[in-house]
Amino acid sequence: MAKGIWVFAEQLGGQIKKVSFELLSEGRKVADTLGEELCAVLVGKDVAGLAASLGEYGADKVYVAENAALENYTTDGYTNVVADLVKQYEPSALLLGCTVTGRDLAAQVAQRLETGLLTDCIGMEVADGQIVFTRPLYAGKVIVKASVPDARPVMATIRPNTFPVASNAKAAEVVTVDANVGEVRAAVKEVIRVASERPELTEADAIVSGGRGMKGPENFKVLEELADTIGAAVGASRAAVDAGWIAQSFQVGQTGKTVSPILYVACGISGAIQHLAGMSSAKCIVAINKDEEANIFKVADYGIVADLFDAVPALKEEIKKV
Ligand code: FAD
């Protein structure tokens, strides 16, 4: 029996992550096609005030689970609450953003519910009454379509920036539920926020990334100037991170962050498969590399064969003129 398409509404410090609005916007279409209701699950401390914004992006209903112990994300606390709610209300699907939190929570909840989990999806549609997800395999070399007809709920994590946000402008019903926090074995002692004017890497519409071709930490300034001109986030390859030029939190790739921006500008990055694994679903890839044989040009929509220290400042100046 149809019991609803659920979206985990991820929030950090009282701000809903954009990916949650994207999932609701696309989830609205899925729910309408399947004739189900679309619900958001909002977990945290003093978060009820955020419920209205979820209705604006398509939610029919918002389940709000509040508790002081849920102020910061903990695997145990959030898993206990979300798994408990799913057991109680039995939705047919649970969608989460493929973020650090979403990945962690989805795996734990799926394990708790003994259901499967489709991770890192880059598409979602309905066919023959099933939700069919698109996901890359082998670092993006193969794209598969997968559905899990027998799983209840169907669970998937979906990359940020996969779907556009669509405002729905309607009021959602808010249902306050008990937050069964249970035993939490790890405590968050301190949250240190990195102050930055730039967008968060996994949510950014545009990213300017640098690799070993940057030649040193001081040269990232060149990328930052271009990034600030177009309102982009800054990213990096593992080679740049391993060299100590930039913090690991900026790393894009298999062992870094998975990003799916509208624009990805790769500067001095060769295009190793482990890097492509984290960015190949970007809508438009621009590569700047002085080696015309570099692998990155195979996935690039636009390639500039040039020294990045000439091309990046020139690009910035041209964009400024527009
Ligand atoms: P290089 O491959 O050395 O390429 C540098 C490029 O810069 C070259 O193409 C060169 O032509 C160009 N260049 C140099 N100077 C200039 C200039 N002045 N102007 C323009 N172009 C210039 N890598 C990741 O990025 N992310 C990951 O998450 C990741 N995970 C990994 C996991 C595993 C298990 C393993 C084994 C590897 C992983 N790697 C990852 C490493 C990956 O294999 C590559 O080593 C790495 O991506 C290379 O980074 P790079 O492209 O910056 O450096």
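**Briefing: ligand site and backbone features**

The end C-alpha atoms of residues 5-196 lie 35 Å apart, and this span is 27% helix and 31% strand. The model is predicted. For residues 5-196, UniProt lists "domain: Electron transfer flavoprotein alpha/beta-subunit N-terminal", from an unreviewed entry.

**Ligand surroundings**

- In the side chain of Lys-215, an N or O atom is 2.8 Å from a nitrogen atom of the ligand.
- Gln-274 places a polar side-chain atom 2.8 Å from an oxygen atom of the ligand.
- Gln-254 takes part through its backbone: one of its polar backbone atoms is 3.0 Å from an oxygen atom of the ligand.
- The ligand taken alone exposes 1000 Å², and 77% of that is buried by the protein.

**Backbone features**

- The peptide bond that joins Arg-152 and Pro-153 is cis, with omega at about -5 degrees.
- Pro-153 has its place in the loop between strand 10 (142-146) and strand 11 (154-158).
- Asp-128 has a phi near 50 degrees, which is a positive value in a residue other than glycine.
- The loop that contains Asp-128 runs between strand 8 (123-127) and strand 9 (130-137).

Terms used. Residues are numbered from 1 along each chain as its sequence is written. This is a predicted model: local features need pLDDT of at least 70, side-chain atom pairs count only at pLDDT 80 or more; totals for chains, interfaces and linings use all residues. Side-chain values use heavy atoms; hydrogens and water are left out. A polar contact is a pair of N or O atoms within 3.5 Å; within protein, one must be able to donate a hydrogen and the other to accept it, and residues adjacent in sequence count only if both atoms are side-chain atoms. Accessible areas come from the Shrake-Rupley method with a 1.4 Å probe; for residues, only the protein chains shown count as cover. UniProt positions are given in the numbering used here, feature names are shortened, and annotations may be inferred rather than shown by experiment. Helices (H or I, at least four residues) and strands (E, at least two) are DSSP runs, numbered from the N terminus.
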